[in-house]
Amino acid sequence: MKTKFLKLSLLALFIFTASCSSDDDNNEVIPVVTTKVSNLDASATTFTKFSFSENKVVTNDNWDIAFSKTTILVNGGVKKADTEPNRTGSGAVSIVSSTFANVTLFPAASTFAQDGTAAYAIPTGSGNGWYSYNMTTHIISPIAGKVFVVKTHDGKYAKFEILSYYKDAPATPSLESASSFYTFNFAYQANSTTTF
Amino acid sequence: MNFKITFFTVALFFQISFSQEVKKDSVKTNELSEVKVTTATRTERVLSSLPLPMTVITSEAIMKSGVTRLNEILSEQTGIILIPDESGFEGIQMQGLDAAYTMILIDGVPLVGRSAGVLDLSRVSVGNIERIEIVKGASSALYGSEAMGGVINVITKRPKKDMFSGSLSYRYATFNTSDANTNLLWKKKKFAANLFANFYSTDGYDLDKSIALKNVEPFYNFTIQPKIYYDFSENLKLIVNNRFYDMKMDNVAIINSENYKGDAKEKEWNSQIKFEHKWNSKLYSEYEFYTTNYKNDSFLNDQNNILFESAYYNQWLIRPEIRTTLSLGNDKLTGGVGLNYETLDRTYFEKSVNFNSQYIYLQYDYNPTEKWNLLAGFRYDNHSEYASQFSPKLAVNYKVNENFSLKSSVGYGYKAPDFRQLYFDFTNPSVGYTVMGYNVAEDRLNQLEEQGQLLSRVDGVNFIEPLKPESSININLGTFYKKNKLRLDVNAFYNSIENLIDTRVVAQKSNGQNVFSYFNISKIFTYGLEFNSTYDFTKEFSVSFGYQYLTAKDKSVLDNFEDYQYIRSSDLQTIQIKKSDYFGLYNRSKHTANVKFAYTIPKIKTDINLRVFYRSKYGLFDTNGNQILDKYDTFVDDYFLTNLSISKYIGDKFMLQAGANNLFDFTDPSQISNLAGRQFFGRIQYTF
C-alpha cells in the first residue's frame with residue numbers, strides 16, 4: 001500500500017517537474033512557487049483573513065480569502081452575515097477539477113464567482129464546495145482534485161488547494177484531532193500573465 | 001495472501017481428485033432423502049428440482065454447529081455476510097445486496113422493526129427451528145417489497161403424529177453468556193400443542209478497553225412461543241401461533257466527553273392464525289391472519305440521573321392473506337390475495353404514519369415432461385404511498401439426467417420507500433445537519449424558511465413526483481449435480497438495481513450545515529458466482545466447500561468517473577487515478593469461502609464439526625478524498641475465522657457439547673466491531 005503511494009507520489013512529482021520545465025522553455029515568466037500554509041486557525045467565528053501576496057494572516061482589508069470553521073470567503077461580492085469581513089476588493093473564485101500542479105492556465109473569466117447573497121463563491125456544506133463530511137466517522141475531508149483559482153483583492157491570481165482541516169494535518173484524522181486548522185498549498189502569480 | 005489462495009486451491013483440488021476416484025468405486029451409498037421446501041413456490045417442492053437458487057439449513061446442522069442465534073447460523077452459509085450497521089444490529093448481505101433487501105420470515109410471515117433498515121436477527125433463537133430456507137435472488141413475485149435480494153424463512157418444529165416429546169438444553173459460553181431452552185411437542189388425536197421458551201443473557205464484549213463504551217453492552221432476552229393446533233377434520237386444520245420476545249440492554253453513551261447511562265428495551269409480538277383447508281384432492285387453501293408489533297424504547301440519563309434523551313419506535317403490521325393451490329395433473333396453479341396495514345410511531349416523526357396496500361399473486365408451476373419444469377408468476381401490489389408495482393418472474397429447470405440439472409430464473413424485485421425515507425425529521429444535535437423524509441420535506445423546508453433558518457435552497461429540487469420504489473432485475477443461471485458421494489451446485493447471478501434511494505442536499509441552513517432528503521439517485525449492479533459442494537469420503541467423514549465471487553459497483557460512478565478521479569496520497573498530495581482502480585461498493589468482499597469438516601466416531605457416539613471461513617479485503621469508507629472506494633484506499637484486511645464444536649451423545653437422551661467460536665481469537669477492534677474474540681462454550685441437552 002505504502003509503496004504504491006510512494007510510486008504515485010514520485011509520478012506526481014515527475015509530472016510537476018515536467019510541467020515546470022516546459023514553462024522554463026517559454027522563457028517568458030518565472031514559474032510560480034508552491035507554498036504550504038500549515039495550521040491556519042479558523043476555529044473562531046470571526047474570520048481569519050489571509051493574503052496570498054504577503055503569505056500571511058492579515059487584519060487589514062488587503063486579504064484574499066478568509067476562513068471560519070468550514071466556511072471560506074473571498075474578498076469580492078456581498079457580505080452576508082455580521083461576523084463576515086467587508087468585501088473591499090474585486091476578488092472571485094473559479095473551481096477547477098484537477099491536480100494542483102496541472103492547473104497552469106487561468107480558467108475562463110466566466111467561471112469566476114463572487115460571494116453572493118444566495119451562495120458563497122466556494123459553496124458550504126458537505127460535497128458542495130471543498131469538503132465532504134462522513135456521517136459515520138464525523139470526519140471532514142477535503143475533496144481531492146478541487147483546486148480553487150482565486151482572483152485576489154487587487155486583481156492578481158493565485159491557486160490554492162486544501163490539504164487538511166485538522167491540526168498538524170494527520171493522514172487519517174480521528175475525532176480526537178483538533179479541527180478548524182487549515183493546511184493548504186498555494187501558488188501566487190505576481191506577474192501580469194495568464195498562466196501559473 | 002498467497003498462502004491463503006494456495007490453501008483454498010489445494011482444498012478444491014483435493015475434492016476434485018477424490019471425486020474422480022469415486023467413479024472407480026461404484027458403491028452406491030446413502031441415498032439422502034430428498035429435502036422438501038416451501039419458501040420458493042409456497043407449495044411443497046423437492047429442493048433439487050427447483051429452478052431457483054436455494055439453500056436449506058437443517059435442524060441437525062444447527063444443532064451440531066453449537067450456535068444459538070439466527071445471525072450466527074446464517075453467517076456460516078456461503079454467500080451470506082453479516083454487516084453491522086450504526087445501531088450495532090447485524091444485517092445480511094446476500095448476492096452483494098444490503099440487509100434492507102432481504103425479507104425475514106418466521107413460519108412464512110415477516111418480521112418487522114427495521115429502525116434503520118436492518119433487522120436485529122439475534123432476536124431469533126434457533127432452539128425450535130426445524131429448518132431454515134434461504135431463497136436467493138429477487139422474490140417479489142411472491143413476497144412483494146423487501147424481497148428484492150431474497151427471502152429467509154425460519155420454519156419451526158411442528159408435532160406431526162401422536163406424541164409427547166421435548167428437549168431441555170443449557171449452554172454456557174465466554175462473556176458469561178447463558179442460553180437456556182425448552183421445547184415441548186405434544187399431539188393427541190385432534191389436538192396438538194408446542195411450547196418453546198428461551199432465555200438468553202450475556203455480559204457483552206469489549207474489544208477496546210481504553211474507551212468506556214463496550215462493543216456490545218450487557219443484555220438479556222427471552223422468547224416464549226406457544227402454538228396450538230386443532231384438526232377439525234383431516235381436511236380442515238387450525239394453527240394458532242404466538243411469539244413473544246422481550247429484551248433489555250444497558251444503554252451507554254459518551255456525548256461531548258460526558259458519560260450517559262440508561263436502558264434500551266425491545267418488545268415483539270407475532271400472532272399467526274391459520275386455517276389449512278383441503279377442499280378435495282385437487283384444491284387446497286390456506287387462510288391466514290397475521291399481526292405483529294415491534295417496539296423499542298430507550299433512554300439516557302446524565303451523571304446527575306436526570307433524563308437527557310429518550311427514543312421510541314412502535315410498528316404494527318396486520319396482514320390477512322388467502323392462498324389457494326389448484327393441482328392440474330402434474331401442474332400446480334397457486335394464487336394469493338391479501339392486504340397489509342402498517343403503522344409506525346417513532347421519535348423524529350411528527351406524527352404516527354400508516355401505509356395501506358393490497359396485493360394479488362399468481363404462479364403456475366408447469367411440468368410438461370419429466371425433464372422440464374417451468375415456473376411463471378407475478379404479483380401486483382397497490383399501495384397508498386407509491387406507484388403500484390407489477391413484479392413478474394420466470395424460472396426454468398431442465399433435468400439433463402438423474403444426476404444433473406440446469407436452472408435459470410429471471411425476476412423483478414422491488415423495495416418500497418420505507419417510513420424513514422418518507423417521514424423522517426431529524427437534526428443531529430452536535431453537528432447540526434438535518435435529514436427530512438421525502439413526503440414531509442417540502443412543508444418542513446417552508447417552515448424553516450419562514451423561521452429564517454435557511455440560507456438557500458438547492459435549485460431545481462422539488463417534491464412533486466412521489467418517491468419511486470427501488471427496483472431490480474435479477475438473473476440466475478445455475479446447475480445442480482448429485483452423484484454417489486458428491487453433491488455440487490453452481491449459480492451465477494446478476495442484479496441490476498435502479499432508483500436506489502440515497503440522501504441528497506436540498507438546502508443549506510444558516511448554520512452552514514446541509515439539509516438532506518431522500519431521492520432516487522443511483523444505479524448499482526452486482527454480479528458473481530456461488531459454488532457449493534459436499535463430498536462424503538466415508539459414512540463418517542464429509543467435507544464441504546463453499547465459495548462466492550462478487551463484484552458490486554455503482555453505475556453512476558463508472559459513468560461519471562471524472563468526478564472521482566483525484567485522490568489524496570498519505571502525504572496529502574493530489575493524484576489522478578484510473579477508472580479501473582475503482583474497487584466498488586463499500587463493505588463488499590470479492591472473495592468469500594468456507595470449508596466445513598464433519599467427522600463422526602460411531603464407537604464413542606461423537607461428532608466433530610470444524611468450520612473455517614474466509615473473507616477477502618473490503619473497504620468501509622473512502623479514506624483518500626474522492627468519495628468512492630478505490631484500490632489506494634485503506635482496506636480491512638482479509639481474515640479467517642474458525643469454529644469448532646464437538647458433540648457427544650450419552651444413551652439416547654443426553655448430549656454433551658463443547659467447542660469454540662472464533663477458535664484462534666481473531667479480532668480487529670478498530671475496524672470490525674461485530675467480531676468478538678474466542679468464545680468457548682459447553683452445552684448439555686436432554687431430549688425425551
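The model is predicted: local features need pLDDT of at least 70, side-chain atom pairs count only at pLDDT 80 or more, and totals for chains, interfaces and linings use all residues. Residues are numbered from 1 along each chain as its sequence is written, while chains are lettered from A and ligands numbered from 1 in the order in which they are written.

**Chain B as a whole**

Let us start with the overall build. Chain B has seven helices and 38 strands; helices (H or I, at least four residues) and strands (E, at least two) are DSSP runs, numbered from the N terminus. Its C-alpha trace spans about 80 × 60 × 55 Å along the principal axes. The radius of gyration of chain B is 26 Å, which agrees with the value near 26 Å for a compact globule of 688 residues. That radius is taken over C-alpha atoms, and the globule rule is 2.2 Å times the number of residues to the power 0.38.

Of the 688 residues in chain B, 40% count as buried. A residue is buried if 20 or more other C-beta atoms lie within 10 Å of its own, exposed if 12 or fewer, and partly exposed in between, with C-beta atoms placed from the backbone. Among the contacts in chain B with a separation of 6 or more, 61% come from residues 24 or more positions apart. Here, two residues are in contact if their C-beta atoms, placed from the backbone, lie within 7 Å.

**A closer look at B:Gln358**

You can find B:Gln358 in strand β19 (residues 353-366) of chain B. B:Gln358 is partly exposed because 14 other C-beta atoms lie within 10 Å. Setting aside neighbours within four places in sequence, B:Gln358 is in contact with B:Leu339 and B:Asn382. B:Asn446 is 88 residues from B:Gln358 in sequence, and their C-alpha atoms are 34 Å apart in space.

**Strand pairs**

Two strands pair if DSSP finds at least two bridges between them.

| Strand pair | Bridges | Opposite residues |
|---|---|---|
| β20(B) and β21(B) | 10 bridges | B:Ala376 and B:Leu394 |
| β21(B) and β22(B) | seven bridges | B:Tyr398 and B:Leu406 |

In chain B, β20 covers residues 372-383 and β21 covers residues 389-399, while β22 covers residues 404-415. β20(B) and β21(B) form a hairpin with five residues between them, and the hairpin of β21(B) and β22(B) has four residues between its strands.

**A sheet in chain A**

Chain A holds an open sheet of five strands in the order β1-β11-β10-β9-β6, with antiparallel pairing. Its edge strands are β1 (34-41) and β6 (92-97), each pairing on one side only. From one strand to the next, the twist averages 30 degrees; axes are lines fitted to C-alpha atoms, for helices over the stretch in contact, and angles run from 0 to 180 degrees between N-to-C directions.

**Where the two chains meet**

At the interface, 33 residues of chain A are in contact with 27 residues of chain B. On the chain A side, α1 (2-26), β8 (140-142) and β10 (157-166) each supply at least two residues. α1(A) gives the most to that side, with five residues. The residues on the chain A side divide into 12 nonpolar, 18 polar and three charged. In this count, Ala, Val, Leu, Ile, Met, Phe, Trp, Tyr, Cys and Pro are nonpolar, Asp, Glu, Lys and Arg are charged, and the others, Gly among them, are polar.
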